[in-house]
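Thanks for coming, everyone. I will keep this short. Please look at the model while I talk.

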Amino acid sequence: MHNGVTTRHADDHCAGQAYLDLYALDAAPDQAKIAAIEDSLHRMADTAAERHDDWWWDDALHMAMPPFARLGALRADPAYWDAMHALYTHTKGAEGGPGLYDPGSGLWYRDKRFLPGGISSPGGRPVLWSRGNGWVAGAHAKVLAVLPGTFAPVRAYRAALVRQLAALRAVQRPDGFWNVNLADPAHLPGPETSGTAFFTYGTAYALRAGLVPRDRYRPVAARAWHAMVHTAVHPDGFLGLVQDVGDRPESSQPVTHDSTADFGVGAFLLAGTELAALGGG
């Protein structure tokens, strides 16, 4: 583990997703591949009742929730799920006071600096960053794909994803992309791939899981995929229009046809594989 097994930082735990994938590919799984992530998350599970404020930014939900969910399923140990839910609940409903989830819109603030009364757009509107919300959509999709319906918080996770997708449907651009600030179309407007790819992934997952009506949401995913394939993908396969590392709409600007980043490519691949699994019709 980057920073060792005692780390509590979600970015360090994100790599566990890849090692859990590698572990699952083996006919005779090698325990060494997941020993570090299991050790680290077990330490957090042991202390989650007393300390659960580590996920102070919304990206953290995508980085760390899936390893908790998957280890709980792999080991048939709901302690991992209970810890994950305690951490999630703080992020959603307590971080910064009210939590990073905005029940009025169904969207999420990146961190407490952007809560009402904090950072706003030049036009005085909220800053609800596209990729931050993309990380959240991706987190819900990945976790719901693993958790059993008997785990009580699953219903709330489904509701949060459905509410977010409804908000996203309402602000999708005519060209199929989403702007970098979901709350202010005049704030650095223009197509952006990473948020769009994660929203496509989340929408496709929700369609495949039967969480949203096909007639209303399949066109959302189709428009977004068409936009990325025909606008962001270069003839040689290079993926552009990706906002690079940051924490808000102003980060890594300008976003151009030649802007890319590995997480944007990963989100695009997630979207494509989920759409492929959804199938035609």
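**Salt bridges, a pocket and a threonine**

R113 is partly exposed, at a relative accessible area of 36%. Keep in mind that this is a predicted model. R113 forms a salt bridge with D111, and the closest N and O atoms are 2.8 Å apart. So how does D111 count, buried or exposed? D111 counts as buried, at 2% relative accessibility.

Next, D247 and R248. These two form a salt bridge, with the closest N and O atoms 2.9 Å apart. D247 counts as buried, because its relative accessibility is 17% and the cut-off is under 20%. R248 is partly exposed, with a relative accessible area of 22%.

One more pair. The side chains of R208 and E274 meet in a salt bridge, 2.8 Å from N to O. R208 lies in helix α7 and E274 in helix α9, so this pair ties together parts that are 66 residues apart in sequence. R208 counts as partly exposed, at 46% relative accessibility. E274 counts as buried, at 8%. Across the whole structure, the search finds 14 salt bridges.

Now the pocket. The largest pocket has a volume of about 780 Å³. Its lining is made of 32 residues. Nearest its centre lie C14, Q17, H62, W135 and K142. Which helices each supply at least two residues of that lining? Here they are: α1 (10-25), α3 (59-75), α5 (130-144), α7 (193-208) and α9 (262-278). Helix α9 gives the most to the lining, with seven residues. By type, the lining residues divide into 17 nonpolar, five polar and ten charged.

Last stop, T91. This residue sits in helix α4, residues 78-93. T91 is buried, with a relative accessible area of 0%. What lies around its side chain? A polar atom of the T91 side chain is 2.7 Å from the backbone oxygen of W55. The backbone oxygen of L87 lies 3.1 Å from a polar atom of that side chain. Leaving out residues up to four places away in sequence, T91 touches W55, L61, G99, L100, Y101 and W108.

Methods. Residues are numbered from 1 along each chain as its sequence is written. This is a predicted model: local features need pLDDT of at least 70, side-chain atom pairs count only at pLDDT 80 or more; totals for chains, interfaces and linings use all residues. Side-chain values use heavy atoms; hydrogens and water are left out. On a 1 Å grid over the protein atoms alone, a cavity is a set of points where a 1.4 Å probe fits but cannot get out, and a pocket is an open set with protein on both sides within 12 Å along at least five of seven lines; lining residues have an atom within 4 Å of a point. Grid points are joined across faces, edges and corners, and a volume is the space filled by probe spheres set on the points. Helices (H or I, at least four residues) and strands (E, at least two) are DSSP runs, numbered from the N terminus. Ala, Val, Leu, Ile, Met, Phe, Trp, Tyr, Cys and Pro count as nonpolar, Asp, Glu, Lys and Arg as charged, and the others, Gly among them, as polar. Buried means under 20% relative accessible area, exposed over 50%, partly exposed in between (1.4 Å probe, protein chains only). A polar contact is a pair of N or O atoms within 3.5 Å; within protein, one must be able to donate a hydrogen and the other to accept it, and residues adjacent in sequence count only if both atoms are side-chain atoms. Contact means heavy atoms within 4.5 Å. A salt bridge is a side-chain nitrogen of Lys or Arg within 4 Å of a carboxyl oxygen of Asp or Glu.
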